[in-house]
Amino acid sequence: MCGIVAYIGASTATPLLMEGLKRLEYRGYDSAGAAVLDPSGTLRVIKSAGRVLVLEERIQSEGGLDGVMGIAHTRWATHGEPNDANAHPHTDGKKGGHGIALVHNGIIENHRALKTYLEDRGHAFESDTDTEVLTHLVSELYDGDLEAAVQSALKEVTGAYAIAVICEKEPGVLVASRKGAPLMVGVGRDEYIVASDPSAIVAHTKQAVELDDGTVVRLTADTFRTTTVDNIPVTSKLMELEIDLEQIELGEFDHYMLKEIHEQPQAIRRSFRGRINAPEGRVVLGGVADYAQQLMKARRVVLLGQGTALHSAMVGKYIFEELARIPAEVDYASEFRYRNPIVEDGTVVIAISQSGETLDSLEAMREARQRGALTLGLVNVVGSTIARETDAGVYLRVGPEIGVASTKAFVGQLATITMLAAYVGRQRQLASQTVSELLDQLELLPDHIQGVIDQSEAIRDVTAKYITRENWLFLGRGFNFPVALEGALKLKEISYIHAEGMPAAEIKHGPIALIDDGMPVVFVATRNSQYEKVVSNIEEVRSRGGHVIAVATEGDDEIRNLCEDVFYVPDVPEVLQPMLTVVPLQLLAYHAAVLRGKDVDKPRNLAKSVTVE
């Protein structure tokens, strides 16, 4: 949700800022801007609605931005429509200001009250954003010390933020802070790069500091100081970034989404490495080993997520109850924290998030922990807030995911949930032989997934027949019901086709009224415990003129006679099927978006990481 990059050092700032914005553009692409202190110490700001490329062209047309310190931002709009005025950076005004510029991710919840106060003090505003209010608040409190002004301002705000601030009157100082939104500092040789995530840093340094909530950092070209908003010194830990530059490059692919679909076999091999011992029927998860006894005695598991992570949590409910024999439930993280949830002794709450920064999931986890639950995090980004604040957890290890429409993270979440449930189940009642057989099948999944990916062109040809249809249904049962939800979500978010996912049996309770002649209906209809029921549901759709596209088990010739089109996946145990059945639906959505001429990696109104409510 928005991207920040800032630089202070000896190099020319603008090329680095633009490179960083391009790497962060998946976080927001409504508008972009940059502010640089030029060699004379004058603050220059250039910003525009639209993509980073538009900003680059404007900077060039206006003679460039020279200087060795600057801040930049790519925006996903929350307050105020996407236009030039609302783009970041914001300044404290041309008259009476101190030459302060600020970029901000998050939401200042009390900005209206602060704006009224500041207007009474003579401040004039040029935008509709909460960020401009924060900029003027820093200006109002500025008395020659930018760090102190930022600290004082942040004591007055309510909400979430990651900010970077510069000032004409302190040309060698960059101040940044975070609360509820990610921000890190890359540490180079006599230079620092502040950014929302490692992708904007890794090309320049592998050393970074992940800022904790409530931390303020003051940077010069050769000094680094971290404090609280109360100016109490804090010690920050330097870490080694675990991503490589090539992992965030497109390479031979046209889109990050397609690249990440193709990376899924390699991604889950990496997730399995060192964690599963099939011959001995053992799962090794060092991240939760200290809590093995509590997990074994758990009375209830609650899985939390939003969007794709919620769908993996829904599959996780089935997996935990099947393998660990623990009652499990799923909740929207955004609803959990506001409904006075019941957390009894023996409750384990698992927060699932690719970024580890999803605000709803983070706050729900905090609520559960405060109420006494054992909290686990299943996240992909090392050092993220959920990873740091949960009692324990397991990293997905699927590599960076840049595409806004999550793909390999979903499969990685399912793989990790399966390992965790097998780990707990083995301690409770699962026989070693049963776990061994499951792990044998799990290790075959990367090759199976590759086989499905190899059908991409055939899936494209089928998709091409239906892309003019504006309403689709996705149906499944059991373990594959959440896969139907995920398939519908993927189609909606990148091709803008209206799609609904639901349990196949639910269609008779109202939605069957939607089916008309030629409507595409996608069934996840693999051989499983409810196969015959799904076949009956297919018949019901066909009799009303729907065109059925099925995801079926290899060797199932019967279903080909019932459907217009079939995508086949290998035969695996039911508990593992979602990791296969989702892949053709990912490819279907991808091809639909491309065929309809949509921007796959930058779908409208969406950003990768939702760090605001």
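# Strands, helices and cores of a predicted model

Reader: Which residue in strand 8 is the bridge partner of Ala164?

Author: This is a predicted model, in which local features need pLDDT of at least 70 and side-chain atom pairs count only at pLDDT 80 or more, while totals for chains, interfaces and linings use all residues. Residues are numbered from 1 along each chain as its sequence is written, and side-chain values use heavy atoms, leaving out hydrogens and water. Strands (E, at least two residues) and helices (H or I, at least four) are DSSP runs numbered from the N terminus. In strand 8, the bridge partner of Ala164 is Ala176.

Reader: How many residues stand between strand 7 and strand 8 in their hairpin?

Author: Two strands pair if DSSP finds at least two bridges between them. Strand 7 (residues 159–167) and strand 8 run antiparallel and are joined by 4 bridges. In the hairpin that these two strands form, the number of residues between them is 6.

Reader: How many residues of helix 4 are buried?

Author: The buried residues of helix 4 (residues 130–141) include Asp130, Val133, Leu137 and Ser139. They pack against strand 5, strand 6, helix 3, helix 5 and strand 7. Helix 4 is largely enclosed by the rest of the structure, because the buried residues number 10 of the 12.

Reader: How far apart are the end C-alpha atoms of helix 13?

Author: The expected span of a helix is 1.5 Å times one less than its number of residues. For the 21 residues of helix 13 (residues 408–428), the span should be 30 Å. This agrees with the distance between its end C-alpha atoms, which is 30 Å.

Reader: Which strands stand at the edges of the open sheet of 5 strands?

Author: The strand order is 18-17-19-20-21, with parallel pairing.

Reader: What angle does helix 11 make with strand 19?

Author: Strand 19 (residues 347–353) pairs with strand 20 (residues 374–379) over 6 bridges, and Val349 stands opposite Thr375 in strand 20. Helix 11 (residues 359–370) packs on the sheet, touching strand 17, strand 19 and strand 20. Axes are lines fitted to C-alpha atoms, for helices over the stretch in contact (heavy atoms within 4.5 Å), and angles run from 0 to 180 degrees between N-to-C directions. The direction of helix 11 makes with that of strand 19 an angle of about 165°.

Reader: Is Thr205 buried or exposed?

Author: Thr205 lies in the loop between strand 10 and strand 11. The side chain of Thr205 reaches the backbone oxygen of Val187 at 2.8 Å. With a relative accessible area of 9%, Thr205 is buried.

Reader: Which residues have the most contacts inside the largest nonpolar core?

Author: A nonpolar core is a set of buried Ala, Val, Leu, Ile, Met, Phe, Trp, Tyr and Cys residues joined through side-chain atoms within 4.5 Å. The largest one has 91 residues. Those with the most contacts inside this core are Ile350 and Trp472.

Conventions: Buried < 20%, exposed > 50% of the residue type's maximum accessible area, 1.4 Å probe, protein only. Polar contact = N/O pair within 3.5 Å; in protein donor to acceptor, adjacent residues only side chain to side chain.
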